[in-house]
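Here is a short briefing to read alongside the coordinates. Have the viewer open and follow the topics in order.

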Amino acid sequence: LHSNSDKGDGSVKYILTGEGAGTIFIIDDTTGDIHSTKSLDREQKTHYVLHAQAIDRRTNKPLEPESEFIIKVQDINDNAPKFTDGPYIVTVPEMSEMGKENKLLYSAVLKRKSHMLFDSVMMLYCIMGFM
């Protein structure tokens, strides 16, 4: 947050109110920089509504109208996958086209264990999803 009235002389004070203000979100009252104090988790809260304002330090009067910020928390895959009905056994015929056999979408990855060609080559299959 930055006010056009801010000349950099410290006469502008920035304040932050709303969900998590002062705990999860803090504002530098001199620069208007807003930071989060911890990692946000979409499973706990999908968004936060904050209000910020620039006020004159001497008079305590607003210099501009209050600004509203809606912070939408993006989801990341932070939970390990769980396969509760397993074990799963899938047979993929050699030389199968991707996504064709048994309506299973898969990809193959080759890993070489040494620099010599075909020495200790290991095949890994990664299940990408079902069609």
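Of the 131 residues in the protein chain, 18% are buried. Please keep in mind that this is a predicted model. The protein chain has 7 strands and 0 helices, so the order of elements from the N terminus reads β-β-β-β-β-β-β by the DSSP runs used here.

**Whole chain**

- Among contacts in the protein chain with a separation of 6 or more, 43% are between residues 24 or more positions apart.

**The sheet**

- Three strands form an open sheet in the order β1-β4-β5, and their pairing is antiparallel.
- The edges are taken by β1 and β5 (67-72). Each of them has a single partner strand, so one side of each has no neighbour in the sheet.
- From one strand to the next, the twist averages 25 degrees.
- The antiparallel strands β4 and β5 are joined by 6 bridges.
- Histidine 51 is a handy place to look here, as its opposite residue is glutamate 68 in β5.

**The nonpolar core**

- Which residues make up the largest nonpolar core? The 11 members are Val12, Tyr14, Leu16, Ile24, Phe25, Ile27, Tyr48, Leu50, Ala52, Ala54 and Val73.
- Two or more core residues come from each of β1 (12-18), β2 (25-27) and β4 (47-56).
- The largest share belongs to β4, which gives 4 residues to this core.
- In soluble globular proteins generally, nonpolar side chains tend to be buried together.
- Tyrosine 48, one of the core residues, is in contact with Glu19, Ile24, Phe25, Leu40, Phe69, Ile70, Ile71 and Val73, leaving aside neighbours within four places in sequence.

**Salt bridges**

- How many salt bridges does the structure hold? There are 2.
- One of them brings together the side chains of glutamate 19 and lysine 45, at 2.8 Å from N to O.
- This pair links distant parts of the chain, 26 residues apart: glutamate 19 is in the loop between β1 and β2, and lysine 45 is in the loop between β3 (34-36) and β4.
- Glutamate 19 is partly exposed because its relative accessible area is 31%, which falls between the 20% and 50% cut-offs.
- Lysine 45 also counts as partly exposed, with 29% relative accessibility.
- In the salt bridge of aspartate 29 and arginine 57, the side chains meet at 3.6 Å, N to O.
- That pair links distant parts of the chain too, 28 residues apart: aspartate 29 is in the loop between β2 and β3, and arginine 57 is in the loop between β4 and β5.
- Aspartate 29 is partly exposed at 31% relative accessibility, and arginine 57 is partly exposed at 31%.

**A backbone detail worth a look**

- Asparagine 60 is not a glycine, yet its phi is positive, at about 65 degrees.
- Where is asparagine 60 placed? Its place is in the loop between β4 and β5.
- Is asparagine 60 buried or exposed? Asparagine 60 is exposed, because its relative accessible area of 54% is over the 50% cut-off.

Technical notes. Residues are numbered from 1 along each chain as its sequence is written. This is a predicted model: local features need pLDDT of at least 70, side-chain atom pairs count only at pLDDT 80 or more; totals for chains, interfaces and linings use all residues. Side-chain values use heavy atoms; hydrogens and water are left out. A nonpolar core is a set of buried Ala, Val, Leu, Ile, Met, Phe, Trp, Tyr and Cys residues joined through side-chain atoms within 4.5 Å. Buried means under 20% relative accessible area, exposed over 50%, partly exposed in between (1.4 Å probe, protein chains only). Contact means heavy atoms within 4.5 Å. Two strands pair if DSSP finds at least two bridges between them. Axes are lines fitted to C-alpha atoms, for helices over the stretch in contact, and angles run from 0 to 180 degrees between N-to-C directions. A salt bridge is a side-chain nitrogen of Lys or Arg within 4 Å of a carboxyl oxygen of Asp or Glu.
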